[in-house]
Amino acid sequence: MANNRLGKINAEMQKNIYEVLSTKVKDPRLTEMFTVTGVSVDKELTAAKVFVSIFSADEKKAKDTFDAIVNSANFVRSSLYKMMRIRTVPQLTFYRDEANDYGHRIDEILDSLNIVKD
C-alpha cells in the first residue's frame, strides 16, 4: 500500500515539477528543451531526487539551463505546496539524467564500427 502511494506521489510530483519549470520559472538561462524524467521521494516525504534530461547540442547552454533549474528549487517547492494536497513538500535535489547522452554515445561508437543495427 505504501509503495502504491509513493508511486502516485512520484508521478504527480514529476508532472507538477515539469509544469512549474516550463511555465512559471522565468529565468533567462532556461533556453534549452528539457524534461523531468523521474522523481524519487523517500518514504518519510522529506527528500526528493528529481532527474532532469536536457536536450541540447551546446553543452554550455545545457549547463546553464540545468543551473537555472537547480537555482529555482525553492520556488518550485513553494509552488508544489500550493498545487498538491500533501502536508509537507520534500526538499528537492536535482540530478542531470544523462541516459540519453550515454545511449547516443553508444550509437556513435557502433556506427563508427560499421555494425548494422536492426
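Colleague: What pattern does the chain follow, read along the sequence?

Modeller: The pattern is α-β-β-α-α-β-α. That is 4 helices and 3 strands. Helices (H or I, at least four residues) and strands (E, at least two) are DSSP runs, numbered from the N terminus.

Colleague: Ground rules before we go on?

Modeller: This is a predicted model, where local features need pLDDT of at least 70 and side-chain atom pairs count only at pLDDT 80 or more, while totals for chains, interfaces and linings use all residues. Residues are numbered from 1 along each chain as its sequence is written, and side-chain values use heavy atoms, with hydrogens and water left out.

Colleague: What does the C-alpha trace span along its principal axes?

Modeller: About 55 × 40 × 20 Å.

Colleague: How much of the chain counts as buried?

Modeller: 32% of the 118 residues. Buried means under 20% relative accessible area, exposed over 50%, partly exposed in between (1.4 Å probe, protein chains only).

Colleague: On to the sheet. In what order do the strands come?

Modeller: The order is 1-2-3, in an open sheet with mixed pairing. Two strands pair if DSSP finds at least two bridges between them.

Colleague: Which strands stand at the edges?

Modeller: Strand 1 (33–41) and strand 3 (91–96). Each has a single partner strand, so one side of each is left without a neighbour in the sheet. From one strand to the next, the twist averages 25°. Axes are lines fitted to C-alpha atoms, for helices over the stretch in contact, and angles run from 0 to 180 degrees between N-to-C directions.

Colleague: How many bridges join strand 1 to strand 2?

Modeller: 8, and the two strands run antiparallel. Strand 2 covers residues 47–55. Ser40 stands opposite Lys49. Gly38 has Phe51 as its bridge partner.

Colleague: And strand 2 to strand 3, parallel or antiparallel?

Modeller: Parallel, with 6 bridges. Ala47 has Gln91 in strand 3 as its bridge partner.

Colleague: What about the hairpin of strand 1 and strand 2? Which residue takes a positive phi there?

Modeller: Leu45, with phi near 60°. The hairpin has 5 residues between the strands. Most residues other than glycine have a negative phi. Leu45 counts as buried because its relative accessible area is 11%.

Colleague: New topic: helix 2. Which strands does helix 2 touch?

Modeller: Strand 1, strand 2 and strand 3. Helix 2 (residues 59–71) packs on the sheet, and its direction makes about 170° with that of strand 3. Contact means heavy atoms within 4.5 Å.

Colleague: How far does helix 2 reach from its first C-alpha to its last?

Modeller: 18 Å over 13 residues, close to the 18 Å expected at 1.5 Å a residue. The expected span is 1.5 Å times one less than the number of residues.

Colleague: Which residue caps the N-terminal end of helix 2?

Modeller: Asp58. One of its side-chain oxygens lies 3.2 Å from the backbone nitrogen of Lys60. A polar contact is a pair of N or O atoms within 3.5 Å; within protein, one must be able to donate a hydrogen and the other to accept it, and residues adjacent in sequence count only if both atoms are side-chain atoms.

Colleague: And where is Ser72?

Modeller: In the loop between helix 2 and helix 3 (73–83). Ser72 is buried, with a relative accessible area of 8%. A polar atom of the Ser72 side chain lies 2.8 Å from the backbone oxygen of Ile69. Leaving aside neighbours within four places in sequence, Ser72 is in contact with Leu21 and Val25.

Colleague: Back to helix 1. Is Asn10 buried or exposed?

Modeller: Buried, at 17% relative accessibility. Asn10 lies in helix 1 (residues 2–23). Beyond neighbours within four places in sequence, Asn10 is in contact with Val39, Ser40 and Val41.

Colleague: Last one. Where is Ile86 found?

Modeller: In the loop between helix 3 and strand 3. Ile86 counts as buried at 15% relative accessibility. The C-alpha atoms of Ile86 and Ile9 are separated by 9.0 Å, with the two residues 77 apart along the chain.
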